[in-house]
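Subject: Handing over the model

Hi,

Here is the structure I promised you, with my notes below it. Please have it open while you read.

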Amino acid sequence: MQNSTYLKPNCYVNDAAFDWLYPEKIQQLSRRHWTPLSIAKTAARFLAHQPGKKVLDIGSGVGKFCLVGARFFPESTFYGIEQRLELHKYALEAKAATQAHNACFMHGNFTQIDLSGFDGFYFYNAFFENLTDEDHIDNQVEFATSIYNYYCRYLFRELEKTASGTRLVTFHSLEDEVPPCFQIVDASADLMLKMWIRR
Ligand SMILES: C[S@@+](CC[C@H](N)C(=O)[O-])C[C@H]1O[C@@H](n2cnc3c(N)ncnc32)[C@H](O)[C@@H]1O
């Protein structure tokens, strides 16, 4: 962890600068597992479209999406839920270093929290690790296709229950978790990033 006085004004300049908030082993996971800064800004702008929005990052890792959102959209609150304790602790450290008062991190499985209080959700294909033998973040959790299917079905049902107007951003999603009541309203040119609003 670097000196916070130095980092605060500089860490949002580019991905390398932001990743410097974390130890080297976390920096090395960045390209594959943490949202790029420009994508985080675009997604957060859509989700925090009015002041006072409560946005949840499902599978928040080391907190990159939430911290970028919190910095650029200070009138909304960005919550993250992360199953891996080590990553959660790095998110808390980065929050302290950046003094991001409107970012809140929770440790646990997203199935353990009430999703009904949020206005918007960010989802960077958090469950995909269950479908591949390569590029795992670590071996601290179990991986299985059945776990992927369970999480997708669970999130699908929770999203179905949300109020009309609820916003969702997916990044690199296979869309197995997106119910048909969510309509795409915008997307990146490569279609990796999609913005959805519930009818
Ligand atoms: C691709 S990373 C994205 C991290 C962060 N959202 C970002 O964009 O920088 C997905 C994260 O989701 C977490 N995750 C996967 N399944 C989860 C679950 N059921 N509950 C909570 N976190 C989960 C993983 O541990 C991993 O840290």
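One definition before we start: "buried" is used for a residue with under 20% relative accessible area, "exposed" for over 50%, and "partly exposed" for anything in between (1.4 Å probe, protein chains only). Helices (H or I, at least four residues) and strands (E, at least two) are DSSP runs, numbered from the N terminus.

Please keep in mind that this is a predicted model, where local features need pLDDT of at least 70, side-chain atom pairs count only at pLDDT 80 or more, and totals for chains, interfaces and linings use all residues. Residues are numbered from 1 along each chain as its sequence is written, and side-chain values use heavy atoms, leaving out hydrogens and water.

On confidence: pLDDT is the predictor's confidence in each residue, from 0 to 100. The chain has a mean of 95, and 95% of its residues reach 70 or more. Over residues 2-7, however, pLDDT stays under 50. Where pLDDT is low, the predicted coordinates should not be read in detail.

Now the strands, which pair if DSSP finds at least two bridges between them. Strand β2 (residues 77-82) pairs in the parallel sense with β1 (residues 54-58) over 5 bridges, and also in the parallel sense with β3 (residues 103-107) over 5 bridges. Asp57 has Gly80 of β2 as its bridge partner, while Glu82 is partnered by His107 in β3. Since 5 of its 6 residues are buried, β2 is largely enclosed by the rest of the structure.

In α6, Lys64, Phe65, Cys66, Leu67, Val68, Gly69 and Ala70 are buried.

Thr35 leads us to the ligand: a polar side-chain atom of Thr35 is 2.3 Å from one of the ligand's oxygen atoms. For Asp57, a polar side-chain atom lies 2.8 Å from a ligand nitrogen.

Best wishes

Terms used
Contact means heavy atoms within 4.5 Å. A polar contact is a pair of N or O atoms within 3.5 Å; within protein, one must be able to donate a hydrogen and the other to accept it, and residues adjacent in sequence count only if both atoms are side-chain atoms.
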